[in-house]
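Here is a friendly walk through a structure, one topic at a time. Have the viewer open and follow along as you read.

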Amino acid sequence: MTKKGVILFLVLPTVVILAAIVIFPMIYSIVVSFMNYDLRIPKHSFAGFNNFTGILKDSMFYSSAIVTGIMLFVELVVELLLGLFIAMILVEIPFSRKIYQPILLIPMMVMPVVVGYVGRLIFAVRSGPINYFLNMIGVNSLLWHASPHLALVTIMILRIWRWTPFVMATLLAGILSLPIEPYESVKVDGANKWQTFIYITLPMLKPIITLVVIMRALEIMQAFDIIYVLTMGGPGISSMPLSLFTYLKGFRYWNIGQAAAAAWLIMIPLSILVTFFVKLMEKGEEIEEQK
Amino acid sequence: MRKFVVLVFLVTLIAGGIVFAGGQGEKAKPSGGKPFEGVTVSVIVHAGHHAAPWYDEKENIKNKLGITLDIIESTPEQLYSKELLELTQRTGAYDIVQYNSAWIGDYAPYILPLDNYVKKDNDAIGFNDILPAFNKAQNLWGGKKMSITLDGDTFLFYYREDLFRNKAEKLAFKAKYGYELPDPPETWQQVVDLAKFFTRKKGEKLAGRTLTKNFYGYADQAKRGRVYYWYLFRYVPFSAPNPQYFDPATMKPLINSTKAVAALDNMKELLKYSPPGVLSWEWDELYNAAMKGGTVGMWIHWTDEGRGFNTLAPLSVENPPKPILGIAGTPGVKVNGKLYKYTIVDSAWVASITKASKHPDAAYAVLKFMFAPSERHLKFIMNPDYGWDPSRYSTFNSKEWRKDVPGIGNYLAKELEALKEGYPMLKIPGAFEYDDVLDMDVSKYLAGEFKTSQEALDSVAKKWNELNKKFGVDKQKAYYAKMWK
């Protein structure tokens, strides 16, 4: 076999698999997004840009985008701060790591559907333990997921509870893998713990933080299970994110064309966001290399 | 040449044998009294308690019919998507499908009508035994028997009869509203009056005793997803004397009519006398608050409460009276002095044979085995863990059930009475979507996302019109006519 032949022989299976599981579905979804595709209607006619304009004219799309935006911002900020805080505590108290790290990881192991159901019980307005404790300290019961104003907050509390351990574990692994030398140098220079954290740990941790942000952002964009069980996007549409919006279009209303169009519309800001973070990560690495 | 002729003869013989054998595949093969020996019938069912009877009878079906039952469970939320995907692709993955009868408009092209079977065996499956309300609302479509009822689900009105019978409360009600305390209430206006009257705070008196918890006159199951039912309980009677979802002549939605708006206003009004948080209440929250908590005066629910009448918790008062569950048909509306009441028959679970089934005769034999009037069927219905409610005269009139559960007769009689005024849910292609957009806008209105009820229902009407256009107005008109036949 010639060298070219060997190369082709080695690369071809990967290309075929990639084409079958990634490229074909993507192209197919583009095709579907330009069609009036409803499984219940036998004829699937060409729709032009109607699916895209239909989505862009739908006020529910924008309210769902706002909900997703709020979730992205709040969850990322809170999970990063909390995760970093817990990771730093575990670094500072090494003996506690063995005990607390596995315990702290438990929320990650709970199935999201279970989290949703348990959420319904603990945030129950009249019989839930959360309101019971609030009443004990003199605070009136809150409506939680029954309120259009608090439903999203309730969802975010549960999701932050579930995902902070992931952020903590990843950051902890990152911190533990950092080189020891810079810490020794700043110790000699007399830096205190806060200064060490701000000027040494954080900059060196930037690539890990960026990675965590990308992974979390992607997951938040797909958030579904807990919301489906807890509020179904309600009351009204007060807690409906883009993922549920797309699900409704595709698998409740069988408007596969519009669902595909919505998915592509969501892909655009998502790609920009991911590219931005990747660039940020690369930039950080370049600066590190220059140093 | 001779060899060639022999070869052709042999090939023809073998091929003929294969074709003959293939042709015999579906027909009953009596073999030791097992007519379908070796046949596998796949049935997709609602997971959990609905699947239990199928598992229980799996062995018996194998022994009596020779059929191996392949039971595929799916969550109720996933059932529609999963089934429709297989049906539309005609994969033949399922011989029997369990589904919500409201989906018949979407399923009909892929479902085998049962009329020929019924004719052939002189209705051995017992369609004549099924109450007309269920037959009309669930089984028939376009005049054909499309399915057999598994679960005779409907909705009943429940109330605290122990409270309603209290003499002091009766006098106080009459003094305040100028008419006798209605037991049970017959109109939605009476429900509003009663809900307002009975809603009291912890520490106040109820039935002459001190309340240990806040008490609420009325509650709906108002979580987004199924709240549209609770709207329809009002919409249908408020639209009397001739309630319709659409104008049958034009398919113009009637969901935003003046009467429809009044129905939604009634729903919002009653929220004032409901426990906090009802907008997040699903089945279990309402059931628990009403049946286990003793803090709700009136509510509408499926028949679970009726069947579990003897598990009602006492009122949340000091030294409570003996709990008594009141059961009645859902309230109505008076038009020109005449009372119009309707009981929404839930488009609940039915089973059909798919057209793509390779073994329709065997599938029918399974349906007959499971659902024809028999002791076995009665056992399914009597077992509260199975989740199948009565739909047949033979079960409603069962002496065995009455003997087994003393007091159950009251519930059975009340449901039988209520079902005389049975009213179907929407059953046209896309019914699921029509219901869901109604659900969403009702939920949005209750959550304050629409300023007025008219605005909310105009939004529903607009979406229903769009759906009519999507499926074809004339086609939907024809399907809408079919759902009443």
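A:Trp144 sits in the loop between helix H7 (129-136) and H8 of chain A. In this predicted model, A:Trp144 has a positive phi of about 45° although it is not a glycine. The residue A:Trp144 is buried, its relative accessible area being 9%. You will find B:Asp123 in the loop between helix H5 (115-120) and helix H6 (132-139) of chain B, and B:Asp123 is buried, with a relative accessible area of 16%. These spots are worth a look because most residues other than glycine have a negative phi, and most peptide bonds are trans.

Peptide bonds come next. The bond from A:Gly234 to A:Pro235 is cis, with omega near -5°. A:Pro235 belongs to the loop between helix H11 (225-230) and helix H12 (242-252) of chain A. In chain B, B:Asp183 and B:Pro184 are joined by a cis peptide bond with omega about 0°, and B:Pro184 is placed in the loop between helix H8 (167-177) and helix H9 (188-198) of chain B.

## The build of each chain

Of the 291 residues in chain A, 43% are buried.

Chain B is divided into domain 1 (29-150 + 349-388) and domain 2 (156-344). Taken over C-alpha atoms, the centres of domain 1 and domain 2 of chain B are 35 Å apart.

## Salt bridges

Over all chains, the structure holds 28 salt bridges. One of them pairs the side chains of A:Glu219 and A:Arg159 at 2.7 Å, N to O. A:Glu219 lies in helix H10 (residues 193-221) and A:Arg159 in helix H8 (residues 151-176) of chain A, so this pair ties together parts that are 60 residues apart in sequence. Both partners are inside: A:Glu219 is buried with a relative accessible area of 18%, and A:Arg159 is buried with 3%. A:Glu219 also meets A:Arg216 in a salt bridge of 2.8 Å, N to O. A:Arg216 and A:Glu219 are 3 residues apart in helix H10 of chain A, which means they are separated by about one helical turn. A:Arg216 is buried, with a relative accessible area of 1%.

Why does the pair B:Arg224 and B:Asp439 tie together parts that are 215 residues apart in sequence? The closest N and O atoms of this salt bridge are 2.7 Å apart. B:Arg224 lies in the loop between strand E11 (216-219) and helix H10 (227-238) of chain B, while B:Asp439 lies in helix H19 (residues 431-446) of chain B, so the bridge links those parts. B:Arg224 is buried at 2% relative accessible area, and B:Asp439 is buried at 0%. Back in chain A, salt bridges that share partners join A:Glu75, A:Glu79, A:Arg159, A:Arg216 and A:Glu219 into one network.

## A positive patch

On the surface, B:Arg90, B:Lys144, B:Lys355, B:Lys482 and B:Lys485 gather in a patch of positive charge. Among them, B:Lys485 lies in the segment after helix H21 (473-482) of chain B. B:Lys485 is exposed, with a relative accessible area of 54%.

Methods. Residues are numbered from 1 along each chain as its sequence is written. Chains are lettered from A and ligands numbered from 1 in the order in which they are written. This is a predicted model: local features need pLDDT of at least 70, side-chain atom pairs count only at pLDDT 80 or more; totals for chains, interfaces and linings use all residues. Side-chain values use heavy atoms; hydrogens and water are left out. Patches are made of residues with over 30% relative accessible area and no salt bridge: like charges are joined within 9 Å, nonpolar side chains (Val, Leu, Ile, Met, Phe, Trp, Tyr) within 5 Å. Accessible areas come from the Shrake-Rupley method with a 1.4 Å probe; for residues, only the protein chains shown count as cover. A salt bridge is a side-chain nitrogen of Lys or Arg within 4 Å of a carboxyl oxygen of Asp or Glu. Lys and Arg count as positive and Asp and Glu as negative; His and the chain ends are not counted. The place of a charge is taken as NZ of Lys, CZ of Arg, CG of Asp or CD of Glu. Helices (H or I, at least four residues) and strands (E, at least two) are DSSP runs, numbered from the N terminus. Buried means under 20% relative accessible area, exposed over 50%, partly exposed in between (1.4 Å probe, protein chains only). Domain bounds come from an automatic or database domain assignment.
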